[in-house]
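Here is a short briefing to read alongside the model. Take a look at the structure first, then go through the points by topic.

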Amino acid sequence: KAGLKTNDLITGVDGLKIDRRRQEAVAQFRRMLSPAVGRKIQFDIIPDGEKSVRQTEVVFGKKTKPQEFSADDIGLVVQEIRDLDYYDNKLSTKQGVLVTDVIYGSPAASATSIYERLIIPSDVVIELAGMPTLTVKDFITTVNTVRSTKPKSILIRLYRGNRITHIAVNLGIGQKIKKGN
């Protein structure tokens, strides 16, 4: 709607020039925008393949909340990966589900050493018990399958930063969480 297209270069926001590169530019851009519903923002852009700067205006709509799921018995809270999450968390993939929380005392919160947790927020789960988890819906389906088979442990394949790793989670350890207390 705003006239922005893939490969357009944004050079300024509301008359302020963007003067940084890569992640610094993303941070500067987010600070400049402070997007609020109804706020109008003017962008200076160089359209793909052109040499001249032109201006366009954007009005922010309501932010959508990503689909989230909490697997208390494993100890993970995950959500879909939005573009903003991808840049904020410096993720190396948009495929999978983003770990947003690890429930204290759960199997997933156990540690390999005093300094390294098995799973941490910003990990991206791509496989659970040998089944792909590219969306929250996939993750929910897989968790329900795991619950029905009641294994003692599960193998989780995930991205941590830019590397893929496998984590074995012992489902028999950790505090049992009781709902309603």
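Strand 1 (residues 9-13) and strand 3 run antiparallel and are joined by 4 bridges; two strands count as paired if DSSP finds at least two bridges between them. Helices (H or I, at least four residues) and strands (E, at least two) are DSSP runs, numbered from the N terminus. This is a predicted model, in which local features need pLDDT of at least 70 and side-chain atom pairs count only at pLDDT 80 or more, while totals for chains, interfaces and linings use all residues. Residues are numbered from 1 along each chain as its sequence is written, and side-chain values use heavy atoms, with hydrogens and water left out.

**Strand 3 and its partner**

- L9 has I46 of strand 3 as its bridge partner.
- Strand 3 (residues 40-46) is largely enclosed by the rest of the structure, because 5 of its 7 residues are buried. Buried means under 20% relative accessible area, exposed means over 50%, and partly exposed lies in between (1.4 Å probe, protein chains only).
- As background, side chains in a regular strand alternate between the two faces of the sheet.

**Salt bridges**

- The count of salt bridges is 5, where each needs a side-chain nitrogen of Lys or Arg within 4 Å of a carboxyl oxygen of Asp or Glu.
- One of them joins the side chains of K94 and D83, at 3.0 Å from N to O. K94 belongs to the loop between helix 2 (83-88) and strand 7 (97-102) and D83 to helix 2, so this pair ties together parts 11 residues apart in sequence. K94 is partly exposed at 40% relative accessible area, and D83 is partly exposed at 48%.
- Another joins R160 and D123, with an N to O distance of 2.6 Å. This pair links distant parts of the chain, 37 residues apart: R160 is in strand 10 (residues 153-160), and D123 is in the loop between strand 7 and strand 8 (124-128). Both R160 and D123 are buried.
- R157 and E127 also meet through their side chains in a salt bridge, at 3.9 Å from N to O. R157 sits in strand 10 and E127 in strand 8, so the pair ties together parts that are 30 residues apart in sequence. R157 is partly exposed at 28% relative accessibility, and E127 is partly exposed with a relative accessible area of 24%.

**Aromatic rings**

- The whole structure holds 1 aromatic pair. Rings of Phe, Tyr and Trp (its six-membered ring) pair if their centres lie within 6.5 Å; planes under 30 degrees apart count as stacked, over 60 as edge-to-face and the rest as tilted.
- The partners are F69 and F139, edge-to-face at 6.1 Å centre to centre with 70 degrees between the planes. F69 is in strand 5 (residues 68-71) and F139 in helix 3 (residues 136-149), so the pair ties together parts 70 residues apart in sequence.
- F69 is buried at 16% relative accessible area, and F139 is buried at 0%.

**Around S110**

- S110 is placed in the loop between strand 7 and strand 8 and is buried, with a relative accessible area of 18%.
- The S110 side chain reaches the backbone oxygen of P107 at 2.7 Å.
- Leaving aside neighbours within four places in sequence, S110 is in contact (heavy atoms within 4.5 Å) with R117, L118 and I173.

How values were computed. A polar contact is a pair of N or O atoms within 3.5 Å; within protein, one must be able to donate a hydrogen and the other to accept it, and residues adjacent in sequence count only if both atoms are side-chain atoms.
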